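Let's look at how the words used for a structure follow from its values. Here is the one we will work with.

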Amino acid sequence: MLTEFLMLVNGERVSARSGRTYRSLNPATGEPWSVLPDADEADVDGAVQAADAAFRDAAWAKLTATARGKLLRRLGDLIAEHAGELAELETRDNGKLIRETRGQLAYLPEFFHYTAGLADKLEGGTLPIDKADMFAFTVPQPLGVVAAIVPWNSPLYLTAIKLAPALAAGNTMVIKPSEHASASILRMAELVAQAGFPAGVVNVVTGYGAGAGAALTRHPLVRRVAFTGGPATARHVVRATADNFAKLSLELGGKSANIVFGDADLGGAVNGAVAGIYAASGQSCVAGSRLLVQDAIYDRFVAALTERMKRIAIGDPIDPASDMGPMATEQQLGVVETMVARAREQGVTVLAGGKRPDRAGWFYEPTLLECASDTLDIVQNEVFGPVAALLRFRDEAEAVALANGTEYALAAGIWTRDLARGHRMARDVHAGIVWVNTYRAVSAMAPIGGYGASGYGREGGIHSVLDYTEPKTVWVNLSEQPMGDPFVMR
């Protein structure tokens, strides 16, 4: 029997107006497990209208910033209370390891707690105006309705880093999850209502990108779009927001370099490589999919890494003993297979993996490809799967050149015992996030984002809340005299 989920619009659980539905498949089995509404433009319009009405209604509009912060803290507490349930929903929906979803859910409340504390810390300022008898100041104002477009690889986490700052700033939101992984977001939306947020402040519509997603991003009442996904879809989003002049942030793909120097701690660097590309089955925007290893340690590193890869347990993601689960979609599995096949044609050496394991579901083995050139497709293009492209380098200058030899600029890892080198590399490598002697560390206080083909804008940290506001400038005439000549600028 399939589990049925409904959308959340204006505080009510609703079906699509057309009655159309679609099925979500369990990546570990390839079998359907849930059924969801297939929203169209009319459903999206209803959700946006509800969010716009809630934005203007006194129940939300007149709420103090401190009160908004209390609601956010309550939501964080509820997520903590329901963390186990939410983690299992997400694992069943997208195949992410239960170990990872439980870990994310254990920390996710911190994003709401941290942002709750920022809600009443958004300050304007007085302006040293060069006009006699005039006083001017700025006030941060919420934008209005925010659209959040969320992918399938980490739905709750990627929703939280949009939702929390948007609500802290006083906006309302319509969320469109991926059609492949909507269940956990729909359940979290119920907790939003339970936390006490007024109806319509948070709405969730489900469906396909070409229908619900396109209608949401171009809606004339949407004032900001927060998008995480691939560059191809992002281009459609950019074009759509040209019609409604909505502000836009894009967190896109990556081809991040994990750079290992000869003086690195071998065990730590190997674990960092495994964490960077094989955790989450490589389905992470910040995946360390390019392994750059210095000549001095290259052979020892490869031997240690391939030995460590043999111990990666591929299995049912709901099993805590599994180290690596499936691809989230059958389509993505096909992408991985096609790209590895192309790499073989271009002459790469397969050191490990390179095929599906002999089991049901959308699984792919952890794969290591030795590459003779950084111009190969597998080195330049994002795979979004458990495939690492391995290259060697001679010195620091070559490492920087290789790391920067891609259109992406999202993340990088640096492995060295030389503190000065670590700082130099962090300065010289083009990436929005640089980890030194660690990888995939996150915090509510730390901005996330890249530049180049990896997008623009930041999520996380205090600036993310300010990014959901606009400054309003207020002028006050302090003079006792009436206003003079109306045709002269003051």
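Q: What makes strand S19 (residues 411-415) largely enclosed by the rest of the structure?
A: In this predicted model, 5 of the 5 residues of S19 are buried, so the strand is largely enclosed by the rest of the structure. Buried here means under 20% relative accessible area.

Q: Which way do the residues of S19 point?
A: Ala411, Gly413 and Trp415 point one way, while Ala412 and Ile414 point the other way, and all are buried. In a regular strand, side chains alternate between the two faces of the sheet.

Q: How do you know that S19 pairs with strand S13 (residues 257-260)?
A: Two strands pair if there are at least two bridges between them, and S13 and S19 have 4, in the parallel sense. In one of these, Val260 has Trp415 of S19 as its bridge partner.

Q: What makes S19 and strand S20 (residues 433-436) a pair?
A: The cut-off is again at least two bridges; S19 and S20 have 4, and they too run in the parallel sense. Ile414 stands opposite Val436 in S20. Together with helix H15 (residues 419-428), S19 and S20 make a right-handed β-α-β unit.

Q: Why is helix H4 (residues 83-94) called oblique to helix H5 (residues 98-118)?
A: Their packing angle is about 140°, with the axes 9 Å apart. Roughly antiparallel would need an angle over 145 degrees, and roughly perpendicular covers 65 to 115, so H4 counts as oblique to H5. The crossing of H4 and H5 is right-handed.

Q: Which residues meet where H4 and H5 pack?
A: Among them are Ala83, Leu86 and Thr91 in H4, and Ile98, Arg102 and Leu105 in H5.

Methods. Residues numbered from 1 in each chain as written. Predicted model: local features only at pLDDT ≥ 70, side-chain atom pairs only at ≥ 80, totals over all residues. Heavy atoms only, no water. Buried < 20%, exposed > 50% of the residue type's maximum accessible area, 1.4 Å probe, protein only. Helix = DSSP H or I, 4+ residues; strand = E, 2+ residues; numbered from the N terminus. Right-handed = clockwise from strand over helix to strand, strands pointing away. Axes fitted to C-alpha atoms, helices over the stretch in contact; angles between N-to-C directions. Parallel < 35°, antiparallel > 145°, perpendicular 65-115°, else oblique. Left-handed = near helix turned anticlockwise from the far one by under 90°. Contact = heavy atoms within 4.5 Å.
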